[in-house]
Amino acid sequence: MDLQKFFEAHRRVAVAFSGGVDSAYLLYTAKNYAETVRAYYVKSAFQPEFEFNDAARLARELGVELSIIEIEVLNNQTITNNPQNRCYFCKQIIFSEIIKRASADGFMYLLDGTNASDDADDRPGMKALKELNVLSPLRETGLTKMEIRRLSHEAGLFTWDKPSYACLATRIPVGCKITNERLVVIEQSENFMMSLGFKNFRVRLMENSAGKNLNKKPIAKIEITKAQVPLLLQHYEEINSKLKMDFDKVLLDLEMRNE
């Protein structure tokens, strides 16, 4: 089955829209092939502002109505305790709310952008999607991330070369308390590095020798690709100075990210 046939069988669809490469292409194909489509974006402390801006821009360019749902994920203690399967509980809350809103708007099917490259064994959140009967057309039709980027480029979507971006909570190690203050610091640090030209990178929080003492500054671990090492050296002093306003130390992970 290809996407056109999928939408021939699912005429009115709601799309869980993050503004990333996969959900952007899914929304594009839904706009082209489905009878009616609406995008649903969830705003929470886990999503950086640029993701919302990208989602709003693409929905506007495609002429798709965008519904915004605000969820206070930090009110859930199970999530803030940050267990190994935190993503499962988070997806349960977020997608249950989208389903509720989409159903009230008259949509029977909720779709998400999971693709054929995503490893179900490594993603607790996919279990939640299955339990909630969320459909993943890109995965069902065998489209990989590389193919989705190529097709997005051909379609003229500005998201085609956008780096993959997991939510801010993934920057905090399992078992380490998730707080709004920590999420804000991470977002500000990554925004600063993006302003210097970094793209495929992460600023991860590490607990320091004080363990789980929230009153002591954490440690920042920067992950970049090998190709961005010259850029890091060029801006070394700026990065170190900026991040040490919020972190006790700034470290570089020598296990470079994949290009």
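Helices (H or I, at least four residues) and strands (E, at least two) are DSSP runs, numbered from the N terminus. The model is predicted, so that local features need pLDDT of at least 70 and side-chain atom pairs count only at pLDDT 80 or more, while totals for chains, interfaces and linings use all residues. Residues are numbered from 1 along each chain as its sequence is written, and side-chain values use heavy atoms, with hydrogens and water left out.

E2, helix H3 (residues 49-62) and E3 form a right-handed β-α-β unit; a crossover is right-handed if, with the strands pointing away from the viewer, the path from the first strand over the helix to the second runs clockwise. Axes are lines fitted to C-alpha atoms, for helices over the stretch in contact, and angles run from 0 to 180 degrees between N-to-C directions.

**The sheet of three strands**

A further open sheet has 3 strands in the order E5-E6-E7, with mixed pairing. Strand E5 (202-206) and strand E7 (249-252) stand at the edges with a single partner strand each, so one side of each is left without a neighbour in the sheet. The twist from one strand to the next averages 25 degrees. Leu-205 has Ala-220 in E6 as its bridge partner. Helix H9 (residues 180-195) lies across E5 and E6, at about 150 degrees to E5, and helix H11 (residues 236-243) packs on the sheet, touching E5, E6 and E7, with its direction at about 145 degrees to that of E6.

| Strand pair | Sense | Bridges |
|---|---|---|
| E1 (residues 12-16) and E2 | parallel | 5 bridges |
| E2 (residues 36-43) and E3 (residues 65-70) | parallel | 6 bridges |
| E5 and E6 (residues 219-223) | antiparallel | 5 bridges |

The axes of H5 and helix H6 (residues 124-131) come within 7 Å and cross at roughly 35 degrees. This crossing of H5 and H6 is right-handed, that is, the near helix is turned clockwise from the far one by less than a right angle. Among the residues that meet here are Cys-87, Lys-91 and Phe-95 in H5, and Pro-124, Ala-128 and Leu-129 in H6.

Ile-94 lies in helix H5 (residues 86-104). Why does Ile-94 count as buried? Ile-94 counts as buried because its relative accessibility is 12%, and buried means under 20% relative accessible area (1.4 Å probe, protein chains only). Leaving aside neighbours within four places in sequence, Ile-94 is in contact with Val-42 and Ile-71, contact meaning heavy atoms within 4.5 Å. Ile-94 and Ser-44 are 50 residues apart in sequence and 9.5 Å apart in space, C-alpha to C-alpha.

Key. Buried means under 20% relative accessible area, exposed over 50%, partly exposed in between (1.4 Å probe, protein chains only). Two strands pair if DSSP finds at least two bridges between them.
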